[in-house]
Amino acid sequence: MPVTDEMVCFSLYAASRATTQAYRALLEPWGLTYPQYLVLVTLWIEGDQTVSTLGDHLQLDSGTLSPLLRRMEQADLVRRERRSTDERVVTVTLGDRGRSIRPELAHVPAQIASGMGLSDEQAALELIATLQRLTATMHAAADAPAADTPAPATPRRHAGATTPDAPAASDD
């Protein structure tokens with residue numbers, strides 16, 4: 001048995017990759033990516049959102065969200081509009097295509113739940129609660145590293161970097 005089969009972190013990573021691959025296969029006929037699908041679901045269920053609120057909900061920074069929304073706007077999935085009362089605030093609404101494909105994508109959640117082996121809504125809610133706790137505790141752990149974490153013995157360098165006492169890499 002490979003050592004990775006005994007690692008919780010690797011099992012989570014592998015499950016995440018498998019889920020992403022399943023979404024990719026399900027969404028490809030509509031030319032959608034998983035993050036685009038998440039934007040659409042948020043707008044379908046929660047209505048219009050500011051870019052800031054959408055970024056918070058999806059845990060995406062503006063450097064990732066802005067190009068995503070630009071591509072979605074070009075495909076008429078969403079519209080972005082500046083508020084007349086405060087031009088710094090941009091509201092995201094559904095475009096015509098974004099509204100029209102909702103019924104076509106209604107099968108996606110059930111197919112993903114089936115692929116995950118979730119037998120009913122209760123099983124889904126329990127998994128969601130477990131994953132949300134895991135996310136929160138991992139964010140907390142990343143924000144406050146343990147005091148007894150040792151420093152690396154040698155400073156980390158970028159590949160190909162040289163120091164005065166190290167020879168330059170050759171192209172042999």
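Predicted model: local features only at pLDDT ≥ 70, side-chain atom pairs only at ≥ 80, totals over all residues.
View 1. Helices (H or I, at least four residues) and strands (E, at least two) are DSSP runs, numbered from the N terminus. Residue numbers run from 1 along each chain as its sequence is written, and side-chain values use heavy atoms, with hydrogens and water left out. Local features need pLDDT of at least 70, side-chain atom pairs count only at pLDDT 80 or more, and totals for chains, interfaces and linings use all residues.

**View 2. The two ends of α4**. At the start, a side-chain oxygen of Asp61 comes to within 3.0 Å of the backbone nitrogen of Gly63. After the helix sits Asp76, with a positive phi near 60 degrees.

**View 3. The second largest pocket**. Here a pocket is an open set of points on a 1 Å grid over the protein atoms alone, where a 1.4 Å probe fits, with protein on both sides within 12 Å along at least five of seven lines; lining residues have an atom within 4 Å of a point. Its volume, the space filled by probe spheres set on the points, joined across faces, edges and corners, is about 160 Å³. Lining residues include Tyr37, Trp44, Arg102 and Pro109, and α2 gives the most, with 4 residues.

Terms used:
Polar contact = N/O pair within 3.5 Å; in protein donor to acceptor, adjacent residues only side chain to side chain.
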